[in-house]
4 protein chains.
Amino acid sequence: MARTTEPGGTPVPQRLLAAATRLFAERGYDRTSVQEIVEAAGVTKGALYHYFGSKDDLLHEVYGRVLRLQQERLDAFADADAPVEQRLRDAAADVVVTTIENLDDASIFFRSMHHLSPEKDKQVRSERRRYHERFRALVEEGQRTGVFSTATPADLVVDYHFGSVHHLSTWYRPDGPLTPQEVADHLADLLLRALRP
Amino acid sequence: MARTTEPGGTPVPQRLLAAATRLFAERGYDRTSVQEIVEAAGVTKGALYHYFGSKDDLLHEVYGRVLRLQQERLDAFADADAPVEQRLRDAAADVVVTTIENLDDASIFFRSMHHLSPEKDKQVRSERRRYHERFRALVEEGQRTGVFSTATPADLVVDYHFGSVHHLSTWYRPDGPLTPQEVADHLADLLLRALRP
Amino acid sequence: MARTTEPGGTPVPQRLLAAATRLFAERGYDRTSVQEIVEAAGVTKGALYHYFGSKDDLLHEVYGRVLRLQQERLDAFADADAPVEQRLRDAAADVVVTTIENLDDASIFFRSMHHLSPEKDKQVRSERRRYHERFRALVEEGQRTGVFSTATPADLVVDYHFGSVHHLSTWYRPDGPLTPQEVADHLADLLLRALRP
Amino acid sequence: MARTTEPGGTPVPQRLLAAATRLFAERGYDRTSVQEIVEAAGVTKGALYHYFGSKDDLLHEVYGRVLRLQQERLDAFADADAPVEQRLRDAAADVVVTTIENLDDASIFFRSMHHLSPEKDKQVRSERRRYHERFRALVEEGQRTGVFSTATPADLVVDYHFGSVHHLSTWYRPDGPLTPQEVADHLADLLLRALRP
DNA sequence: TATGAATGAGCATTCATTCAT
DNA sequence: TATGAATGAATGCTCATTCAT
């Protein structure tokens, strides 16, 4: 058993996933070689292919983890017992905070999705759509009940906000002037202000 | 001699650039081979290396073209003789329209920037910063003169809007329900509404 | 314990041998992975290496089975109490029928022999030589007693016939116009006709 | 130009083909690595893939050469101006001689055909069929004109003979007691004797 | 101004085998 | 008697780049 978990007791698959996440974010999927991943994880190639079917599989796993986390959090905020403007604001801010806290995952997500195999791409897209739709439902609810302006189609509003989330990995620096929470509050505020009737 | 421009009279370097742009956008920089580029352009490898120092150079040229175009247009709108809210709205809408009209360039821009060599990356970043600053100056002008809310730092406002521009290549489809101009008007509207005092 | 024989009561080594035979015939020795064999046999790699020393060993066992079977049958026909032309005809036809009935073994035999390790190759060759010699003795007996022509060296006659047996796996199809017995009769007939003085 | 033909003036593609032929015959297709081929030919892998699309392609080229040669020779003998029994005897003997003279090609042919990709396999099979049919036509002509026995279907007769040709690479040794021509005469004689009415 | 043969390093993946349990 | 995680070496193939012509 000692073989499975030499450095620090973390099981091999997790070690591989962590190494891959860091490297994919650092240099991109195509620029990261399987050799570099296994070296960073302290195992051999054979071990990687024992647990993952392909390099592509590794990327897919990274996506899966992020998607599940974000969907859970969105569901929690959207289902909360609060006025819709509060629920939208909370959800909009939360996705900013968790994105900043997992900037590696985020940059991989937005930069490497086109490296997935067609079938995996399809699966990821469908999960993302579900996420998008849950968020859009919040906007539509507010529009129906008159607390949000109906000047802009809800779909566009959602893409507007997620564009800025997507963009975070391009400009946000942990040593910058704003904490993740401050950025989140500002961006959620911009969204809510744009939606004022 | 006319040998440089066999198919259709377009000079070889332009043909190469056009082919590279299309292919980089289609399959990404790393997934596009030099061989594919020269085949698409109807020339041989030697010709490519006669005009461009490297594959990386080709990417840099694509960036240069886009950056110059966008900077020129932004300068024109920002220098116009109109109230600041009008100038910002026009600039914000224009960048959306030209991005949609050059979605290939845009996807390359946002997805392949990390493939540039360090020195070229530095150069591109500095040009982008100049662009960002010009846009921010418009926001700040409006904040100073009281027509825009000062609730959000101008930098963040700019990143908010450019996130949505960046995001266009992810979701915009030419056969979708909205024309480029309609999308542009909506996104500019969201920006201006968010900035209402 | 009954654990050795879960599916259908067949013991593990036989199950492995049967799976290997089918797969080696289907895709060749080199194209068949140990993993595929154990999966087809419903066991794990450890089990295979418990019973067989190596992949090469498995191939050797397949050969052994075929060689023993064919030698036994040839001996029976050659030792029979009948005129030599009858005994040769029966033996010649029988090897055709049993080869067709075990086409898998046959294709492995003729296509994969060069995959054996030197020592096993030597052993197989010596067993085959014994088989060849028994068959040749029949031809020589007929030549000595004047019922067969002596125009062709007996060795060559044997190789002539076994060439056609060898060739069966290339062209014989179970759904073709001839039954195994008909093919066998024709080929034995050709041999005997060629040997007419 | 000196780069193309360092050792002995032979162009690179021919050098590669010769090396591949020898190695495929020696150790089989699967046991021969691309690395070994290029080392034997004195070039690098890149050069091989400049001329051949894949390892499989190399095998296909070997086949092509043999098939063309044999078809030409068969056509020449079959079209000759001589009685049909002479033409069949000459063709039957010639294929034995040329097979012995190119035993490398022959062993590759009969042992490695199943390594071809489906489409190339199809092509080779169709060329082989054409060869088989030309040969069969000679047998049928003799049967129609009464000089050959009709006891055996012509197809089977052809397979009987080609089985022995196929088999040559298994047993023929240049240092054995028989010259290629002697073997050829004996095998052709066996065929013709078997066909006596 | 262009060709295209050749390089050489790198790539993802496969696989027979071992061994602690 | 059997497991299955892990190894490590090898495999076929790709590709940006160079350079004699």
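Through which surface do the copies, chain D and chain C, meet? In this predicted model, 94% of the interface residues of chain D are also interface residues in chain C, so the copies meet through the same surface.

**Relation between chain D and chain C**

- Two copies of a chain are, in general, related by a rotation about an axis together with a shift along it.

**Contact between chain D and chain C**

- The contact draws on 35 residues from chain D and 34 residues from chain C, and the area buried between the two chains is about 3,500 Å², with carbon and sulfur atoms giving 58% of it.
- Of the area that chain D buries against chain C, 22% is supplied by Leu156(D), Tyr160(D) and Leu190(D), which is more than any other three residues supply.
- The polar part of the interface includes 18 residue pairs in polar contact, both residues being at pLDDT 80 or more, and the count of salt bridges between chain D and chain C is two.
- One of the salt bridges between the chains pairs Arg31(C) with Asp30(D), with the closest N and O atoms 2.6 Å apart.
- On the side of chain D that touches chain C, the elements giving two or more residues are helix 8 (154-171) and helix 9 (180-195) of chain D, and the largest share, twelve residues, comes from helix 8 of chain D.

**Chain pairs without contact**

- Chain B and chain C do not touch, their nearest C-alpha atoms being 30 Å apart.
- Chain A and chain D likewise do not touch, and for this pair the nearest C-alpha atoms are 21 Å apart.

**Two domains in chain A**

- The domain assignment of chain A gives domain 1 (7-51) and domain 2 (55-195), and the C-alpha centres of these two domains lie 27 Å apart.
- In the contact between the domains of chain A, 14 residues of domain 1 meet 14 residues of domain 2, and the two domains bury about 1,300 Å² between them, 66% of it on carbon and sulfur atoms.
- Leu17(A), Thr21(A) and Tyr29(A) supply 48% of the area that domain 1 of chain A buries against domain 2 of chain A, more than any other three residues.
- Across this domain interface of chain A there are zero salt bridges, whereas six residue pairs, both at pLDDT 80 or more, are in polar contact.
- Helix 1 (12-27), helix 2 (34-41) and helix 3 (45-51) of chain A each supply at least two residues of the side of domain 1 that touches domain 2, and the largest share of that side, six residues, comes from helix 1 of chain A.

**Salt bridges within single chains**

- Side chains of opposite charge can pair when their charged atoms come close, and over all chains the count comes to 64 salt bridges.
- Lys120(C) and Asp57(C) meet through their side chains in a salt bridge of 2.6 Å, N to O, and this pair links distant parts of the chain, with Lys120(C) in helix 7 (residues 118-144) and Asp57(C) in helix 4 (residues 55-78) of chain C, 63 residues apart.
- The two partners fall into separate accessibility classes, since Lys120(C) is buried with a relative accessible area of 15%, while Asp57(C) is partly exposed with a relative accessible area of 22%; the boundary for buried is under 20%.
- In chain D, Arg130(D) forms a salt bridge with Asp75(D), the closest N and O atoms being 3.8 Å apart; Arg130(D) lies in helix 7 (residues 118-144) and Asp75(D) in helix 4 (residues 55-78) of chain D, so the pair ties together parts that are 55 residues apart in sequence.
- Arg22(B) forms a salt bridge with Glu26(B), again with the closest N and O atoms 3.8 Å apart, and both residues lie in helix 1 (residues 12-27) of chain B, four residues apart, about one turn of the helix.
- Arg22(B) counts as partly exposed, at 38% relative accessibility.
- In chain A, a network of salt bridges links Arg22(A), Glu26(A), Arg27(A) and Glu36(A).

Definitions and conventions: Residues are numbered from 1 along each chain as its sequence is written. Chains are lettered from A and ligands numbered from 1 in the order in which they are written. This is a predicted model: local features need pLDDT of at least 70, side-chain atom pairs count only at pLDDT 80 or more; totals for chains, interfaces and linings use all residues. Side-chain values use heavy atoms; hydrogens and water are left out. A salt bridge is a side-chain nitrogen of Lys or Arg within 4 Å of a carboxyl oxygen of Asp or Glu. Buried means under 20% relative accessible area, exposed over 50%, partly exposed in between (1.4 Å probe, protein chains only). Contact means heavy atoms within 4.5 Å. Domain bounds come from an automatic or database domain assignment. Buried area is the accessible area (1.4 Å probe) that two parts lose on being put together, summed over both. A polar contact is a pair of N or O atoms within 3.5 Å; within protein, one must be able to donate a hydrogen and the other to accept it, and residues adjacent in sequence count only if both atoms are side-chain atoms.
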